[in-house]
Amino acid sequence: MGLFDNNNTLIAELDERAALEERCRSGARWFYWIAALSLLTSLVSLSGNQWGFILSLGVTQVIDALAAGLAEGVGNAAKVVALALDLSIVGAFALAGYLSERRHTWAFVTGMVFYALDSLLFVYVADWLGIAFHAFALYCMFTGLRACLKLGAATREATSVVPPPPLAEQGADAPAHATP
């Protein structure tokens with residue numbers, strides 16, 4: 001074993017850890033993108049326009065469409081309620097991103113489950129492009145989750161405390177004041 005073998009191993013481990021941390025953050029950032037684009041799509045929709053982003057949540061689009069229909073009968077109060085619901089949903093996705101970036105795997109899983117359920121709305125209306133983008137985003141989130149799990153395992157392994165051997169096994173090097 002050469003003098004630099006331990007250093008090369010340490011450098012490789014640090015590089016791998018940095019790559020895992022970046023993949024974890026990258027997967028978590030998808031929640032922010034989904035939240036931001038969903039909010040923007042909702043604001044555009046509630047203002048009376050009919051365009052949006054493919055990564056937007058289907059549930060917020062359904063809420064906005066219902067509010068637009070109800071606004072004709074009950075006024076803009078329906079749009080205000082829709083905006084409040086949209087903000088709650090978008091906020092939950094942003095929170096999932098925040099917690100996922102801090103390696104809370106439950107936040108990754110919960111956010112992914114809700115996004116997968118949201119994709120069922122696109123399946124229902126046979127929006128194949130929406131389904132494809134949802135699937136791609138879920139794959140990217142899953143990659144982040146996997147990296148987060150590997151980081152957690154590596155951290156647990158590195159911080160696990162190995163108990164010292166019993167004094168009898170330490171032999172002559174045992175401290176003089178240690179008595180069995």
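At what angle do helix 4 and helix 5 pack, and how far apart are their axes?

Author: A word on the basis comes first. This is a predicted model, in which local features need pLDDT of at least 70 and side-chain atom pairs count only at pLDDT 80 or more, while totals for chains, interfaces and linings use all residues. Residues are numbered from 1 along each chain as its sequence is written, and side-chain values use heavy atoms, with hydrogens and water left out.

Helix 4 and helix 5 (residues 128-159) pack at an angle of about 170 degrees, and their axes are 10 Å apart. Helix 4 is therefore roughly antiparallel to helix 5. Here axes are lines fitted to C-alpha atoms, for helices over the stretch in contact, and angles run from 0 to 180 degrees between N-to-C directions. Angles under 35 degrees count as roughly parallel, over 145 as roughly antiparallel, 65 to 115 as roughly perpendicular and the rest as oblique. Helices (H or I, at least four residues) and strands (E, at least two) are DSSP runs, numbered from the N terminus.

The residues of helix 4 that meet helix 5 include Phe108, Met112, Tyr115, Ser119 and Phe122. On the side of helix 5, the partners include Ile131, His134, Leu138, Met141, Leu145 and Leu149. Contact means heavy atoms within 4.5 Å.

Helix 4 also packs with helix 2 (residues 58-74), at an angle of about 60 degrees and with the axes 8 Å apart. Helix 2 and helix 4 are therefore oblique to each other. Gly58, Val59, Gln61 and Val62 of helix 2 make this contact with Asp118, Leu121 and Phe122 of helix 4.

Leucine 117 lies in helix 4, which spans residues 105-124. At 47% relative accessibility, leucine 117 is partly exposed; buried means under 20% relative accessible area, exposed over 50%, and partly exposed in between (1.4 Å probe, protein chains only). Together with Val109, Val113, Phe114, Leu120 and Val123, Leu117 makes a nonpolar surface patch of about 530 Å². Patches are made of residues with over 30% relative accessible area and no salt bridge, like charges being joined within 9 Å and nonpolar side chains (Val, Leu, Ile, Met, Phe, Trp, Tyr) within 5 Å. A salt bridge is a side-chain nitrogen of Lys or Arg within 4 Å of a carboxyl oxygen of Asp or Glu. Accessible areas come from the Shrake-Rupley method with a 1.4 Å probe; for residues, only the protein chains shown count as cover.

The loops on either side of helix 4 deserve attention as well. Most residues other than glycine have a negative phi. Arginine 103, in the loop between helix 3 (77-101) and helix 4, has a positive phi near 65 degrees. Arginine 103 is partly exposed, at a relative accessible area of 34%. Alanine 126 lies in the loop between helix 4 and helix 5, and its phi is positive too, at about 55 degrees. Alanine 126 is partly exposed, with a relative accessible area of 37%.

As for the setting, the protein has six helices and zero strands. Of its 180 residues, 31% are buried.
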